[in-house]
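Reader: Please show me the model, and then I will ask how its labels were assigned.

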Amino acid sequence: MAITNNVTELIFTGLFQDPEVQRACFVVFLPVYLATVVGNGLIVLTVNVSKSLRSPMYFFLSYLSLVEITYSSTVVPKFMTDLLAKIKTISLEGCVAQIFFFHFFGVTEILLLVVMAYDRYVAICKPLQYMNIMSRQLCHVLVAGSWLGGFFHSIIQILITVQLPFCGPNVIDHYFCDLQPLFKLACTDTFVEGVIVLANSGLIALCSFLILVSSYIIILVNLRNHSAEGRRKALSTCASHITVVLLFFGPAIFLYMRPSSTFTEDKLVAVFYTVVTPMLNPIIYTLRNAEVKIAMRRLWGKKNLGME
C-alpha cells in the first residue's frame with residue numbers, strides 16, 4: 001500500500017485512559033450520536049416530503065443535514081465501540097479510509113455552507129431576481145460542486161498519505177485517524193507533507209470562512225434598505241447560518257491553521273466538531289425557523305393519523 005510498511009495495524013490511545021471515564025463517555029456520547037442521526041434525518045425527510053419547503057434554502061439544508069450524518073458516522077461509531085474496548089485497533093487501510101471520508105464529508109460541508117451563504121446573499125440583496133438566479137438546475141450544480149470539491153480535496157490527502165512508509169511505532173495519540181497524528185508515525189521526514197496538508201485543509205477552511213464573513217457583512221449592509229419585518233426575518237435566518245458557521249469553522253481553524261502539537265486539548269476540540277456540532281445543527285435550524293417547525297408538525301400529524 002505504501003512504500004515500506006511493516007505496520008499493518010494501528011492502536012489508538014483514545015480520549016481518556018481511565019476505563020470508568022471511558023464508560024461514562026459512552027453513556028454521554030451514545031444519545032448525542034443518536035440525536036445527530038435522528039435530528040438530521042428528520043430534516044432530510046421533512047424537506048423532501050413537505051411541499052411548503054421547496055425553496056433553494058431548504059434544498060441546501062437537506063443536503064447539509066445528510067452530510068452531517070455521514071460526517072459524524074465516519075468517526076463516532078468506531079469511537080463509541082473503542083470506548084468499551086481495552087485495546088483500540090484499526091488496520092492501516094481502515095485508517096486511510098477513515099481519513100478519506102472524514103475529509104471528504106468535512107470539506108463538502110464547508111462548501112455547502114458557502115453555497116448556503118450565497119443563496120442568502122441572492123435572496124436578500126437581489127430578491128426580484130432570486131428565483132431566476134437560484135434555478136433548480138443551478139442548485140443541483142452547486143450541490144454537485146460541493147461534493148466534487150470534497151472528493152478532490154480528500155483524494156489529495158490520500159495520495160500524500162499512501163506514499164509514506166510506516167515501519168513502527170504503531171500507536172496513534174488520538175481517538176480517530178487524521179493526517180497529523182498519522183504523520184508522526186511515518187519513518188521519514190514529513191515536513192513537506194505537513195505543509196501541503198496545511199495548505200490543502202487549513203487554507204480551504206480559512207478562505208471559505210473569509211468568504212462567508214464577507215458575504216454576511218454585505219447582507220447586513222443591504223438589510224438597511226429593508227422594512228423592519230424584512231430585517232427581522234432575514235436576521236433570524238442568517239443568525240442560524242452564522243451560528244453553524246462559527247461552530248464548524250472555529251475548531252477547524254484552531255486545529256489546522258497552526259503547527260502540529262501534542263496538546264491534549266486537540267482531542268477535546270475534535271470531540272466538539274465530530275460529535276457535538278453535528279447534533280446542534282438541526283436544533284439551531286429548527287428552533288429559529290417557523291416554517292421547518294410547522295412542516296415537522298404536519299408531517300408528524302399525518303403519521304399519527306395514519307397510525308390511527
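Reader: What makes residues 57-76 a helical span, and how far apart are the end C-alpha atoms?

Author: The span is 100% helix and 0% strand, and its end C-alpha atoms lie 28 Å apart. Helices (H or I, at least four residues) and strands (E, at least two) are DSSP runs, numbered from the N terminus. This is a predicted model: local features need pLDDT of at least 70, side-chain atom pairs count only at pLDDT 80 or more, and totals for chains, interfaces and linings use all residues. Residues are numbered from 1 along each chain as its sequence is written, and side-chain values use heavy atoms, without hydrogens and water.

Reader: Which residues does the UniProt annotation "transmembrane region" cover?

Author: The unreviewed UniProt entry gives that annotation to several spans, including 57-76 and 203-223. UniProt positions follow the numbering used here, feature names are shortened, and annotations may be inferred rather than shown by experiment. Residues 203-223 are 95% helix and 0% strand, with end C-alpha atoms 30 Å apart.

Reader: What is the class of Leu-15, and why?

Author: Leu-15 has a relative accessible area of 8% and is therefore buried. Leu-15 sits in the loop between strand S1 (9-12) and helix H1 (19-49).

Reader: Why is Leu-159 called partly exposed?

Author: Leu-159 is at 48% relative accessibility, and so counts as partly exposed. Leu-159 lies in helix H5 (residues 136-161).

Reader: Which residues form a nonpolar patch with Leu-159?

Author: Leu-148, Phe-151, Phe-152 and Ile-155 form it together with Leu-159, with about 450 Å² of accessible area together. Like charges are joined within 9 Å, and nonpolar side chains (Val, Leu, Ile, Met, Phe, Trp, Tyr) within 5 Å. Accessible areas come from the Shrake-Rupley method with a 1.4 Å probe; for residues, only the protein chains shown count as cover.

Definitions and conventions. Patch = residues over 30% accessible without salt bridge, like charges linked within 9 Å, V, L, I, M, F, W, Y side chains within 5 Å. Salt bridge = Lys/Arg side-chain N within 4 Å of Asp/Glu carboxyl O. Buried < 20%, exposed > 50% of the residue type's maximum accessible area, 1.4 Å probe, protein only.
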